[in-house]
Amino acid sequence: MKIKLVTFAPHPNFGTCLQSYALNYVLRKMGHDVEFIYNRCETPPPTFRHYVFAALKRVLRIFLSGKQVRRLKERKNAMSRNGQRGNDEPVILQLPDHRVLGFLSKCPGYKFFAKKWYYGNLQKRKVYKFTFEDGNFNMRRLFTHADYEKVVADADLFVTGSDQIWNPFCGGFNPMMFLEFVNDGTKCVAYSSSISLPELPLSVAPRMKADLQKFSHIAVREQRSVELLSKLLGRDDIKLVVDPTYLLSAEEWEEFGDRAEIEFTVPDKYIFCYFVGDKRADVYERMVQDVKRFTGIERVINLECYNRPQVYGGGITYQDAGPYEWVYLLRHASYVCMDSYHATVFALKFQKEFVHAMKNADTEAGSQNTRMYDILSRYGILYKNYNANGGNGWQQPIDYTRLAPLIESEIKDSMDYLKYEIEN
């Protein structure tokens with residue numbers, strides 16, 4: 001079957017990157033012809049202010065140092081977090097129609113220059129290699145509205161994948177992720193798509209409802225997403241499934257991580273830190289210091305995915321890691337500290353001891369904490385959530401003899417449902 005897979009394209013947010021890989025891998029393993037389609041440039045509708053700020057950004061990059069640009073960016077983010085900019089409503093994106101880029105993409109040398117432009121540092125080059133050169137994906141970028149029509153004509157089935165593709169605060173309400181361009185009756189299903197919000201914003205709920213009417217089967221990643229969509233759509237067949245990264249065995253992920261090329265000597269014992277957010281850096285530092293005291297392990301490896309200079313626990317920050325290195329370092333860690341959903345999944349997959357800190361305040365607009373409360377509560381390990389106000393409940397070890405059979409049962413149920421979605 002010709003399947004077109006739609007989810008976030010691989011990039012250095014490694015959870016996002018690896019959930020894309022996992023679902024693509026599983027579908028191909030089933031024997032399907034899978035093409036990963038993406039457009040890269042989903043944007044809000046352009047305004048005069050948009051063009052002014054885009055021009056200003058380019059000018060600042062010419063005259064300011066990289067350090068000064070980072071400081072301005074941090075101040076802007078801080079203002080947003082403190083409510084000085086309106087951010088209570090999600091941004092509505094639009095499908096791009098980049099005809100010039102589409103024309104240039106057919107010219108000799110385009111791939112060379114695109115690689116230089118988008119993948120300028122070692123980490124990004126590793127992501128490029130993983131995405132385009134290692135045979136992990138069959139990628140098709142859609143540049144123009146005509147490209148969408150062509151891909152629909154070439155499809156037997158569309159599958160929207162996992163991660164927060166349906167969270168309108170995660171980059172914006174994205175019509176690509178709701179398959180708004182599929183309007184010819186081609187079958188559409190969702191596997192492990194996530195809303196990751198306690199409630200749906202009223203501004204996008206009607207559009208989300210209209211978009212999801214075309215989906216014959218919908219499977220989501222959190223129980224709260226089941227409840228929200230069941231109410232929104234008036235359906236009782238919304239299914240809870242595990243994230244695609246669960247679907248590969250620990251041995252398959254270990255083999256994947258063995259492809260790592262790490263530029264330094266990895267210590268025998270170390271604490272692995274992976275923090276996607278930076279709003280609670282003070283909490284992360286306290287957590288890592290507490291873990292060092294509790295475990296007696298001094299070496300700390302921070303893996304950075306957004307080229308930020310933060311260093312936690314007096315350790316080192318590894319900014320050149322790709323997907324293989326991320327899996328390898330988490331797999332061989334003695335203890336794991338994170339604010340990441342997928343780092344939690346992999347810690348469970350490899351039966352690691354860990355502690356997790358919420359990336360957002362629960363009261364924050366667009367808070368993504370729902371997904372973490374879901375996974376930790378479902379497995380009875382909510383005590384692994386770090387309490388910034390004190391307490392050492394997180395030190396309690398995980399009983400994997402109890403947990404492993406439960407996870408394996410969920411994996412089997414989810415695999416069976418994925419096959420059902422495709423075949424029925």
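**Figure 1. Buried residues of helix α7 in the predicted model.** In helix α7 (residues 145-153), the buried positions are D147, Y148, V151 and V152. These residues lie on the same side of α7, because the arc that they cover around the axis is only 135°. An α-helix has 3.6 residues a turn, so residues three or four places apart point the same way. The packing partners of the buried residues of α7 are the strands β1 (2-6), β2 (33-38), β3 and β4. Exposed residues, namely E149, K150 and A153, are carried by the face of α7 that is turned away from its buried side.

**Figure 2. The open sheet of 7 strands.** The strands follow one another in the order β3-β2-β1-β4-β5-β6-β7, and their pairing is parallel.

**Figure 3. Pairing of strands β4 and β5.** Strand β4 comprises residues 157-160 and strand β5 comprises residues 187-193. The two strands pair in the parallel sense, and 4 bridges connect them. Opposite F158 stands C188 in β5.

**Figure 4. Crossing of helices α1 and α12.** Helix α1 spans residues 14-29, and helix α12 spans residues 323-331. Their axes come within 10 Å of each other and cross at roughly 105°. Angles of 65 to 115 degrees count as roughly perpendicular, and α1 and α12 are therefore assigned to that category. On the α1 side, F14, C17 and L18 take part in the contact, where they meet P323, W326 and V327 of α12. By class, this contact of α1 with α12 has 6 nonpolar residues, with no polar and no charged residues.

Figure 5. When neighbours within four places in sequence are left aside, I316 is in contact with F264, V300, I301 and N302. The C-alpha atoms of I316 and R299 are 8.4 Å apart in space, while the two residues are 17 residues apart in sequence.

Terms used:
Residues are numbered from 1 along each chain as its sequence is written. This is a predicted model: local features need pLDDT of at least 70, side-chain atom pairs count only at pLDDT 80 or more; totals for chains, interfaces and linings use all residues. Side-chain values use heavy atoms; hydrogens and water are left out. Two strands pair if DSSP finds at least two bridges between them. Axes are lines fitted to C-alpha atoms, for helices over the stretch in contact, and angles run from 0 to 180 degrees between N-to-C directions. Angles under 35 degrees count as roughly parallel, over 145 as roughly antiparallel, 65 to 115 as roughly perpendicular and the rest as oblique. Contact means heavy atoms within 4.5 Å. Ala, Val, Leu, Ile, Met, Phe, Trp, Tyr, Cys and Pro count as nonpolar, Asp, Glu, Lys and Arg as charged, and the others, Gly among them, as polar. Buried means under 20% relative accessible area, exposed over 50%, partly exposed in between (1.4 Å probe, protein chains only). The arc is that of the directions from the helix axis to the C-beta atoms.
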